[in-house]
Number of protein chains: 2
Amino acid sequence: VQIAILAYEHLTALDAVGPYEIMSRLPGAETIVVGEARGPVRCDSRHLALVADAVLDEVTAPDVLVVPGWSGAEQARLLRRGPVQEWVRAVDHHTTWTTAVGTGAIVLAAADLLTGRRATTHWLAIDWLGELGAEPTRGPVVLDGKYVTADGASAGIEMGLTLAAAIGGVRTAEAIQLLVQYDPQPPFDGGSVETAPTELVTSMRALRRFIVTGAPDGLTAARTP
Amino acid sequence: VQIAILAYEHLTALDAVGPYEIMSRLPGAETIVVGEARGPVRCDSRHLALVADAVLDEVTAPDVLVVPGWSGAEQARLLRRGPVQEWVRAVDHHTTWTTAVGTGAIVLAAADLLTGRRATTHWLAIDWLGELGAEPTRGPVVLDGKYVTADGASAGIEMGLTLAAAIGGVRTAEAIQLLVQYDPQPPFDGGSVETAPTELVTSMRALRRFIVTGAPDGLTAARTP
């Protein structure tokens, strides 16, 4: 089972590392981090870099594709036609599972892979899934055929467990969960729009364009080539 | 606030990236990944590398030290006297918080920093904390003075939130939690010794030395220089 994780500048590290930590422990799995160029790829908060061990052309038929999300204003270019979008569309022909965490789903939707499909994404980006033809759906992990999307950081880990069970069986997934000791007990209760303080949700919504795309009028502008 | 994350070969990526993802978003935080050498550091499952942006000598007085855990047999050397142990002890004189995730606590304990203190670690390593003079304590996140330890992968994220609240206030921690959407809903229930199937716990205990130290007679052998 080859698992390709797409790495690009300004990705959210936890969106990539959560699924990695689970799925790389699947017996027989070969996980590979793929980027436009080989070498360090700096994450959204800029003080951590992951290494892309392969370039796009070297990974043509992964069994699983994982597209992590980003935050910050710089990644609108991922939504435009270009090498990354072309690669995502090409490898999707070969995947058993095409997946995304957080705003990674927007990349899949911009590649027209989620048209008419149920999918989730970061709560600040959920409306855009609809603009791009998907059916925005609440939930930590949403499955529609081979397309699997996770809404946030913890959901990326949970998506990894769900896929580990689908690929290797529930007992294997449980073993990995126990090995990494994924037994969450959040110290605060505010990890979702439903549980967070209302004024926090409102103020983040107001800053949405700075947090997610940087495009003043949202996704339409961001997609203009 | 300078936050130093120790990177070393065979570290568990999620142990480092969980706290990073939370604490790097603290206003005014400068997070830095520190290693024995600058450049890529390959994680335990070998298919992902993080980049050390600084070497030990360049980071002498961080406010927060984070030591991630490892898995696999190769890291016994971290428990011996050497540059990493000396650095951990030296920077501890300057920290406001000295912290570890998973087996990272064993590194702190081997540096004699947890003697007589309540601490937690990966469930397969918990006895060794006692052998090294700490007081093994159950819990996702355990605080004893400035020493904070987290038992597993999700607990590393939760430790980040706890420290974010201590440093920046609860409202800041809540904002970060909502931004990364840490709202766990595990698909399976087996993330702890208490909830996992008994035979899974038993078989992992039998493999403990392969999973955690590789030393046939445990930590004592591993520490012999």
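The side chains of Arg171(B) and Glu199(A) meet in a salt bridge, with N and O 2.4 Å apart. In this predicted model, the pair crosses between chains: Arg171(B) belongs to helix α6 (residues 170-180) of chain B, and Glu199(A) to helix α7 (residues 198-206) of chain A. Arg171(B) is partly exposed, at a relative accessible area of 41%, and Glu199(A) is likewise partly exposed, at 46%. As a general point, side chains of opposite charge can pair when their charged atoms come close.

How many salt bridges are there over all chains? The count comes to 24. I shall take a few of them in turn.

Asp53(A) forms a salt bridge with Arg42(B), and the closest N and O atoms are 2.9 Å apart. Asp53(A) sits in the loop between β4 (49-52) and β5 (54-55) of chain A, while Arg42(B) sits in strand β3 (residues 39-42) of chain B, so this pair joins two chains. Asp53(A) has a relative accessibility of 25% and counts as partly exposed. Arg42(B), with a relative accessible area of 23%, is partly exposed as well.

Next, a pair within chain A. Arg81(A) and Asp112(A) meet through their side chains in a salt bridge of 3.5 Å, N to O. Arg81(A) lies in the loop between β6 (64-67) and α2 (83-92), and Asp112(A) in the loop between α3 (104-110) and β8 (118-119), so the bridge ties together parts that are 31 residues apart in sequence. Asp112(A) is partly exposed, at 42% relative accessibility.

Salt bridges also link Glu21(A), Arg25(A) and Asp44(B) in a network. Glu21(A) is one of the buried residues of α1(A). How many residues of helix α1 (residues 13-23) of chain A are buried? The figure is 11 of 11, and the helix is described as mostly covered. Among these buried residues are Leu14(A), Val17(A), Tyr20(A), Ile22(A) and Met23(A), together with the charged residue Asp15(A).

I turn now to the sheet of chain B. Seven strands form an open sheet of mixed pairing, in the order β5-β2-β1-β6-β7-β11-β10. Its edge strands are β5 (54-55) and β10 (141-144), each of which pairs on one side only. Within the sheet, strand β7 (residues 97-101) and strand β11 (residues 147-150) of chain B pair in the parallel sense over four bridges. Thr98(B) has Tyr147(B), in β11(B), as its bridge partner.

Which helices pack on this sheet? Helix α1 (residues 13-23) of chain B is one of them, touching β1 (2-6), β2 (30-35), β6 (64-67) and β7 of chain B, and its direction makes about 165 degrees with that of β1(B). Helix α2 (residues 83-92) of chain B also packs on the sheet, touching β1, β2, β6, β7 and β11 of chain B; its direction makes about 160 degrees with that of β1(B).

Finally, two residues of chain B deserve a remark on their backbone angles. Arg46(B) has a phi near 70 degrees, a positive value in a residue other than glycine. Arg46(B) is placed in the loop between β3 and β4 (49-52) of chain B, and is partly exposed, with a relative accessible area of 32%. Gln181(B), also a residue other than glycine, has a positive phi, near 55 degrees. Gln181(B) is found in the loop between α6 and α7 (198-206) of chain B. Is Gln181(B) buried or exposed? At 7% relative accessibility, Gln181(B) counts as buried.

Notes:
Residues are numbered from 1 along each chain as its sequence is written. Chains are lettered from A and ligands numbered from 1 in the order in which they are written. This is a predicted model: local features need pLDDT of at least 70, side-chain atom pairs count only at pLDDT 80 or more; totals for chains, interfaces and linings use all residues. Side-chain values use heavy atoms; hydrogens and water are left out. A salt bridge is a side-chain nitrogen of Lys or Arg within 4 Å of a carboxyl oxygen of Asp or Glu. Buried means under 20% relative accessible area, exposed over 50%, partly exposed in between (1.4 Å probe, protein chains only). Two strands pair if DSSP finds at least two bridges between them. Contact means heavy atoms within 4.5 Å. Axes are lines fitted to C-alpha atoms, for helices over the stretch in contact, and angles run from 0 to 180 degrees between N-to-C directions.
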